[in-house]
Amino acid sequence: MADTGEAIPLGFEEHFPAPLPITVDLLDYSGRSWTVRVKKRGENVFLTLGWENFVKDNNLEDGKHLNFIYDRQRTFYVIIFGHNMCSEFRSFPQVVVEVDDYENGEEVIGKMKSNKYSCNTRAETLEWIIAIIDFLQPFSFLINAHVVNFFKDKQWEAVDEEWMSCLKDEKPENILLIPSGGVQDHWPASLKEFVHTLRSLSFPREQADLQAILADVDMVPLSTVLSQGMNLKKKHEVEVLSSVVSSVVKSVGAPTVVDVGAGQGYLAQVLSFQYKHSVVAIDSSSHHGKVTDARAARIRKHFAAQMRKSGSGNKCPDVPMTITCRVLSTEMLKALTDVPLEKNDMDFNGSSLDEGQSRSQSSSDATRSCSLVLAGLHACGDLSVTMLRTFMECEEVKAVVSIGCCYNLLSEKSSEDSCSKCGYPMSAGLKSLGFSLGKNARDLACQSAERWSSLGEDAGLQNFELHSFRAAFQMVLSKHYPEILATSPSIGRQGKAFRRQQQRKSIETPAAVDTTRKDTDNKKPMGQTSSNFDMCSSFEKFCLSAFSRLNLEHPRDLDLNATWKEADAFTELIGPYWSIRAALGPVLETLILLDRLMFLQEQGDSIKVVMLPIFEPTISPRNVAIIARRL
Ligand SMILES: C[S@@+](CC[C@H](N)C(=O)[O-])C[C@H]1O[C@@H](n2cnc3c(N)ncnc32)[C@H](O)[C@@H]1O
């Protein structure tokens, strides 16, 4: 056995199940496990990616023999023999495994999975990514399901029957906890294992102790002037992120911050006025640019008056420079960051700033910006990716602080094209694994467990009712307008408007909305918020409004009563199905974030990168920041 990280042959294909698992777990004497990629070459099956970790962690050198005992699923128990051919028992202090546990391999693996993953190095990140892919693979039917087809395609039939029959009688508030890892004792063991594994594979969201991790983070509460117009969530985000960005700016000694996707400039203004950095705010919306300028002018006036009053001779901080431009490539972002700071309020939309053209050509050396930090608060889709790539490609960008969002907007490499600059995947590691997401998975990655669990029972139930109506309406379309169905019609924001109507109704006549509620019975299974009569009449209203939104005539032989009756028998399953599916969201988001992290880790030791949950997740669930700087 050579201690190389190269692929090693495991045996002939015929000894393995078909299809071959993507990865297997190598489990050693002490219960430690390594996830390793499996590949077929010719008739042989090899261990490839991740094998090098096993080699390294076990100090394997020439002359050692390994014995692999296969459970015929995807676990290999590995025994290491020394030079004298005696098996080596290696003790590892962090894991204690009862011998009895070996009788139930699943139990051992399940226990080890909690807090198992880390991403401090490229190898660790890769191991985590492989574990996620491996776990998600059997659930692709759930990820790719379009829930509007719930009744039409009888989607619940694809899910473990035991899970569905248990969850259909479960209290809604418990069902809503599934995406956050909540399980009940009486649930089937396989369902509990599913929820626990999802939790252990998801990047933790508890707010990090920033003061302990980052140098010089000085969180200053925002004054009423600076926070004017911000809601609670925005105030929290800007308060935390501005202090983090400022600490990074100081640590790399860059004079300028570029706020990418700046919106109405909240972050940019706090960085200017409170932290006294010179700031450029880029956004594609000219309206946002104007609002940013007007707001900054008001704040500046206030600061100037205060300084005059206090007699401090200090110069009032500059307002952020606003640039209106849709950033579509690293070349564009590089060019924009070369814009001289003196020239304020630029609108490059429709100007001749093409991809690849650098504005630095027309800027004098004196005004050319030098080092800077890129910051983005919820920069949508590919914009966050462009920021990370620009950081890598442009020496002047000394650091980047990126919090992404709207993964649904990410561009993705399809199997046919070889797009090297797609939003997903970014890292060479993930590209080599060839795991594509697709639109439904990217949509799902936007689901937040915290939002889901904080919905509360009534809002949760209304949500599920709405999904029932939409899915039942799909049956109506399928029967009367199959040609429209083929165009994947969207009925837009009908759902939200309808929910508001329902909420008003529930405030005015609570009994009408929840006629089945028994005061003595706190268990209200799914699908029982309203009497059948109320539900049917609400469904009719929903359909009439949906027809009008789609500009469709009501079919003559429309029998909504019959459609609702057909659907109603299964409405109790929609909440469980939706929640089980939503539980995959945080893992999918983790995969996207780990891909970005690994892209940076792949660039070598000259870059220091961390991934941290920086906001309180109940206030701002999309809270993971990737912070990278040049050393
Ligand atoms: C989710 S908002 C965040 C706004 C702001 N950072 C905040 O948190 O208040 C995303 C912003 O990015 C802008 N944006 C999206 N794509 C862009 C692009 N390609 N180039 C520039 N701005 C973009 C949008 O106009 C929007 O204002």
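This is a predicted model: local features need pLDDT of at least 70, side-chain atom pairs count only at pLDDT 80 or more; totals for chains, interfaces and linings use all residues.
Residues are numbered from 1 along each chain as its sequence is written.

View 1. Let us start with the overall picture: the protein has 25 helices and 14 strands. Helices (H or I, at least four residues) and strands (E, at least two) are DSSP runs, numbered from the N terminus. Of the 631 residues in the protein, 38% are buried. Here a residue is buried if 20 or more other C-beta atoms lie within 10 Å of its own, exposed if 12 or fewer, and partly exposed in between, with C-beta atoms placed from the backbone. Among contacts between residues at least 6 apart in sequence, 71% join residues at least 24 apart; two residues are in contact if their C-beta atoms, placed from the backbone, lie within 7 Å.

**View 2. The shell around the ligand.** The ligand is surrounded by 17 residues, and the closest are Gly 261, Gly 263, Ser 284, Val 327 and Leu 377. A residue is near a molecule or strand if its C-beta atom, placed from the backbone, lies within 6 Å of it. Strands β8 (278-283) and β11 (372-380) each supply at least two residues of this shell, and β11 gives the most, with 4 residues. Sorted by class, the shell has 9 nonpolar, 6 polar and 2 charged residues. For this sorting, Ala, Val, Leu, Ile, Met, Phe, Trp, Tyr, Cys and Pro count as nonpolar, Asp, Glu, Lys and Arg as charged, and the others, Gly among them, as polar.

**View 3. Helix α13 and its cover.** Helix α13 (residues 330-337) is largely enclosed by the rest of the structure, because 7 of its 8 residues are buried. The buried residues of α13 are Thr 330, Met 332, Leu 333, Lys 334, Ala 335, Leu 336 and Thr 337. What covers them includes β7 (256-260), β8, β9 (321-324), β11 and α14 (382-393).

**View 4. Helices α18 and α23 crossing.** The axes of α18 (residues 457-480) and α23 (residues 560-568) come within 10 Å and cross at roughly 125°. Axes are lines fitted to C-alpha atoms, for helices over the stretch in contact, and angles run from 0 to 180 degrees between N-to-C directions. That angle makes α18 oblique to α23; angles under 35 degrees count as roughly parallel, over 145 as roughly antiparallel, 65 to 115 as roughly perpendicular and the rest as oblique. On the α18 side, the contact is made by Ser 468, Ala 471, Ala 472, Met 475 and Val 476, and on the α23 side by Thr 563, Trp 564 and Ala 567. This contact has 6 nonpolar, 2 polar and no charged residues.

**View 5. Helices α10 and α11 packed together.** Helix α10 (residues 232-252) and α11 pack at an angle of about 50°, with their axes 9 Å apart. The two are therefore oblique to each other. From α10 come Lys 234, Val 238, Leu 241, Ser 242, Val 245 and Ser 246, while α11 brings Tyr 266, Leu 267, Val 270 and Leu 271 to the contact. These residues divide into 7 nonpolar, 2 polar and 1 charged.

**View 6. Phe 76 in strand β6.** Phe 76 lies in β6 (residues 75-81) and is buried, with 20 other C-beta atoms within 10 Å. Not counting residues up to four places away in sequence, Phe 76 touches Val 24, Leu 26, Leu 27, Phe 68, Ile 69 and Tyr 70.

View 7. Most residues other than glycine have a negative phi, and most peptide bonds are trans. A cis peptide bond joins Tyr 424 and Pro 425, with omega about -10°. Lys 154, in the loop between α4 (140-143) and α5 (161-167), has a positive phi near 45°. Lys 154 is exposed, with 11 other C-beta atoms within 10 Å. Lys 276, in the loop between α11 (266-273) and β8, has a positive phi near 60°. Lys 276 counts as partly exposed, with 13 C-beta neighbours inside 10 Å.
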